[in-house]
Structures are given as structure tokens and as C-alpha cells.
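I opened this notebook to record what I looked up in the structure shown below.

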Amino acid sequence: MKRKDYEDALEGLQAELIGVSRWLRASGRRLMVIFEGRDAAGKGGTIRAITEHLDTRSYRVVALPKPSDRESTQWYFQRYVAHLPAAGEFVLFDRSWYNRAGVEPLMGFCTQAQYAQFLDECPIFERMLADDGILLLKYWLAVDQANQEERFAERAQDPLKRWKLSPIDVAAREKYAEIGRLRDVMLERTHAPHAPWFVVDYNDQRRGRLNLLRHLLDRLPDTTVPTAALDLPALREQPGREQLADPSFWIEPRH
């Protein structure tokens, strides 16, 4: 998709997202969106597109590291509960408790008993979230293996993107089909009307972002909040300049 077409379409969607943020604050509703998918599918870029123009106090992005030794002894969902949205908040999970449905059994980070327990408990946990009024949407970002390999190669060559390529990502490259089987089980066992899964084609990342954002906006209730036009009154005095009593605090310009 051409950049100009993408940016024009994205701008309109981002304006609607600002309206969603305003509606959440006015209504006190809570919104949570989970982003899962293949490595290098585009989860981070999508989250940045969603939050780019939002008030930084109106949303939170949750991307937890591996659990600590202490967290590993807790109830599995415990460390995620602290990050659930409060009234008026929009929380975006860049991976989530669904690590236990994918990467953990894939890499041997949990036992088969723990994996089976998760599949039994997860729908109950999410039912509790929905019953308490949290709006929960879950997206799987799908990408073909050839495209994934191209993105891995780009990350490996680009110093600004190399940090995105973790040792687990590299180890999982040989397990493309197995990840697909785990995904299918996850979708079958944890999809529900109150916590639905949606799969988005991310082989074209720009088109995938637009489709996901449009779908997300369409899944929400009416988010219209009337707003009055803002007219700034004229200043009583001429605009002032930024001045310091001690000019030595200014940094020396280098560009």
C-alpha cells in the first residue's frame, strides 16, 4: 500500500480514536485490547499508530518482561491483574497472559499440566473481566513465513531494529507450523462473545493496521461525545520571548 494512501486513511482513523479516548473519560468505561501474533507481525507498530495522537494520560501500553522468580510462584494471572484498566482508561497489551497458550508451551517454559490449566481457566478469568464491565478485544496478527523471514532479515541488518529480534524469536523460527497449531487451539478454546478473537492479515502491514483500526472502532458502542469549538481569546499583551535570568542554562546549539 502506498505511503500517501496509508497516511491519509490513518489520519481519519486516529481522529476517531481521539473521540474514543474522550468517550472513555466521559463515560468511565474501560477498554482493553490484546495484541498477539507471529514475531515481527507488527504489533508494536500498530500500537504506536493507535496511541500516536492520544493524550498520554488516557492510555497505557503493557509489555511485561518474563516473570521474576517471585512472580513465577504466583497465580498465573496475578501479575496481569495490576495492569487492568481503571475508569476512563484504554489499555493495550503487547502480548499478554496468552504467552501461556503459545510461547511458553512452545519453548518448554511451562508444563503440559500448566498449559492445560490455563486453557481451562482463561475463559473463566475473561468472563469475570467482562462481567465487571471491561470491554475486551483480542487480535491475532497473521503473517506468512516468507514475509516473516524478510522482516527478521531486515531487523538483523538494521542497528535501530536489531533489539526487536530476541533469542526466543530466533529459536522460534524453526517452529512456524507448531505455532500455528498452538494458535488454533488457543482460538478454539478461548474465543467467546464477551472476549472475542479476530485474526488480521498482516502480510501488508499498512493495510493490516488500517483494517484492524477500522474493525476496532466499529466494535465499540456509540462513542460520540459533543464538544464545543475552542476559540482562544486574544492576548492582552504582545507575545513574550523565552528568557532566563541566567542564560548559562541554555545548551549550546549543535544543529
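The entries below concern a predicted model.

**Entry on the sheet.** I first looked up the strand order. The sheet is open, has five strands in the order S2-S3-S1-S4-S5, and is paired in parallel. I then asked which strands stand at the edges. They are S2 (59-62) and S5 (197-201); each has a single partner strand, so one side of each is left without a neighbour in the sheet. I also noted the twist, which averages 20° from one strand to the next.

**Entry on S1 and S4.** How many bridges join S1 to S4? I found eight between S1 (residues 30-37) and S4 (residues 134-142), two strands that run parallel. Within this pairing, Leu31 stands opposite Leu135 of S4.

**Entry on H2.** I next located helix H2, which covers residues 43-51. H2 lies across S1, S2, S3 (90-94) and S4, and its direction makes an angle of about 165° with S3.

**Entry on H1.** I compared the length of helix H1 (residues 3-27) with expectation. At 1.5 Å a residue, its 25 residues should span 36 Å; the end C-alpha atoms are 35 Å apart, which agrees. I then checked burial along H1: among its buried residues are Tyr6, Leu10, Leu13, Leu17, Trp23 and Leu24. Gln14, Gly19, Val20 and Ser21 of H1 are buried as well. Against what do the buried residues of H1 pack? I recorded S1, H2, S3, S4 and helix H9 (205-219).

Technical notes:
Residues numbered from 1 in each chain as written. Predicted model: local features only at pLDDT ≥ 70, side-chain atom pairs only at ≥ 80, totals over all residues. Heavy atoms only, no water. Pairing = 2+ DSSP bridges. Helix = DSSP H or I, 4+ residues; strand = E, 2+ residues; numbered from the N terminus. Axes fitted to C-alpha atoms, helices over the stretch in contact; angles between N-to-C directions. Contact = heavy atoms within 4.5 Å. Expected span 1.5 Å × (residues − 1). Buried < 20%, exposed > 50% of the residue type's maximum accessible area, 1.4 Å probe, protein only.
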